[in-house]
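Here's a quick tour for anyone about to set up calculations on this one. Have a look at the fold and the metal site, then read on.

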Amino acid sequence: MGKLSLLAPGESAIAIENKAALGKFVIVCEHASHLIPPSLGDLGLDASARSSHIAWDPGALELARYLSSSLDAVLYYQRFSRLVYDCNRPPEAVSAIVGKSEIYDVPGNQSMPEADRLTRINEIYLPFRDGLSEILASRKAQGRGTMLVTVHSFTPVYFGKKREVEIGILHDSDTTLADAILAEFEGADRKYVVMRNQPYGPADGVTHTLVEHGIANGIPNVMIEVRNDLLVAADDQAAVGSYLSRLIGKAASTVKAGQTVS
Ligand SMILES: [Zn+2]
């Protein structure tokens with residue numbers, strides 16, 4: 001028999017900050033937290049695995065907050081670990097609830113009863129998806145143009161291999177906002193190694209939020225991936241944040257904010 005409830009009564013899977021922001025950006029952080037609901041115990045992981053990059057994107061929420069503040073943007077994020085449910089994956093994806101992540105087994109996610117899988121979808125993914133849809137629909141109803149920016153971090157070493165890219169500008173079939181940001185980067189000081197669709201791209205299944213909420217609604221969209229060793233100290237977070245907010249802000253002035261399906 002599966003668990004009937006994952007979260008405590010009244011507890012929300014999602015959080016919104018800077019709700020009254022006037023800017024055109026909506027900033028989303030799907031991997032903001034490594035929190036596991038107590039009802040799931042430790043998923044069979046030790047403390048170091050539970051706080052490692054497999055559980056969340058270290059530094060991403062702080063960077064997203066910096067961007068939310070500097071771009072006067074709404075910030076929307078998931079309050080629980082992606083090991084509970086990865087909100088950047090649709091329910092049908094095997095990677096939505098991983099039994100193994102990089103080199104770590106996740107015992108609590110292996111051989112899960114279907115009822116438990118459905119509970120995670122119902123209590124984590126659907127509220128996240130619907131909450132973001134509501135924000136976008138409400139902006140559309142107010143006639144406000146919107147651009148969608150999702151913020152992530154990635155580990156410097158993956159499967160033992162060091163990654164040279166420092167900031168990835170990722171997109172799916174709508175390249176408009178990513179192209180504009182990369183064009184601004186060409187003219188900016190090359191403080192960071194910035195690349196298109198690195199260290200991941202659409203083929204890795206990482207553009208779900210962009211497709212579901214950006215492309216489907218005709219909203220310009222981009223996913224920002226920052227190497228997490230650049231987001232450890234507060235002043236490093238601010239340095240990356242100020243660099244990115246300048247690029248994104250300038251790029252956005254060359255792109256028409258979307259609000260409707262064309
Ligand atoms: Zn991420």
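A residue counts as buried when its relative accessible area is under 20%. By that cut-off His152, at 1% relative accessibility, is buried. Bear in mind throughout that this is a predicted model.

## The zinc site

Which residues hold the zinc ion? His31 and His152 each bring in their ND1 atom, while Asp57 coordinates through OD, and the distances run from 2.0 to 2.1 Å. Along the chain, the donor pattern reads H-x25-D-x94-H. His31 sits in the loop between strand S2 (25-29) and helix H1 (47-50), and Asp57 in the loop between H1 and helix H2 (60-70), so this pair ties together parts that are 26 residues apart in sequence. Are His31 and Asp57 buried or exposed? Both are buried.

Leaving aside residues up to four places away in sequence, His152 touches both His31 and Asp57, along with Glu30, Ala60, Asn88, Met223, Ile224, Glu225 and Val226.

## The sheet

Seven strands make up an open sheet with mixed pairing, in the order S1-S3-S2-S6-S11-S9-S10. Strand S1 (14-17) and strand S10 (194-196) are the edge strands, each with a single partner, so one side of each has no neighbour in the sheet. On average, and ignoring direction, neighbouring strands are turned by 20 degrees against each other.

Now for the pairings around S6. S6 and S11 run parallel, with seven bridges between them, and Val149 has Val222 in S11 as its bridge partner.

How many residues of S2 are buried? Five of its five are. Phe25, Ile27 and Cys29 point one way from the strand, whereas Val26 and Val28 point the other way.

Helix H6 (residues 234-252) has 19 residues and spans 26 Å from its first C-alpha to its last, close to the 27 Å expected at 1.5 Å a residue. Its buried residues include Gln237, Val240, Tyr243, Leu244, Leu247 and Ile248. Among the elements covering the buried part of H6 are S2, H2, strand S6 (147-154) and strand S11 (221-227), as well as strand S9 (167-170) and helix H4 (176-187).

## The cysteines

How many disulfides turn up in a search of the whole structure? The count is zero. Cys29 is in no disulfide, and its nearest cysteine sulfur, that of Cys87, is 11 Å away.

Conventions:
Residues are numbered from 1 along each chain as its sequence is written. This is a predicted model: local features need pLDDT of at least 70, side-chain atom pairs count only at pLDDT 80 or more; totals for chains, interfaces and linings use all residues. Side-chain values use heavy atoms; hydrogens and water are left out. Donors are N, O and S atoms within 2.8 Å of the metal (3.2 Å for Na, K and Ca); water is not among the atoms, so sites may look incomplete. Helices (H or I, at least four residues) and strands (E, at least two) are DSSP runs, numbered from the N terminus. Buried means under 20% relative accessible area, exposed over 50%, partly exposed in between (1.4 Å probe, protein chains only). A disulfide is a pair of cysteine sulfur atoms within 2.5 Å. The expected span of a helix is 1.5 Å times one less than its number of residues. Contact means heavy atoms within 4.5 Å. Two strands pair if DSSP finds at least two bridges between them. Axes are lines fitted to C-alpha atoms, for helices over the stretch in contact, and angles run from 0 to 180 degrees between N-to-C directions.
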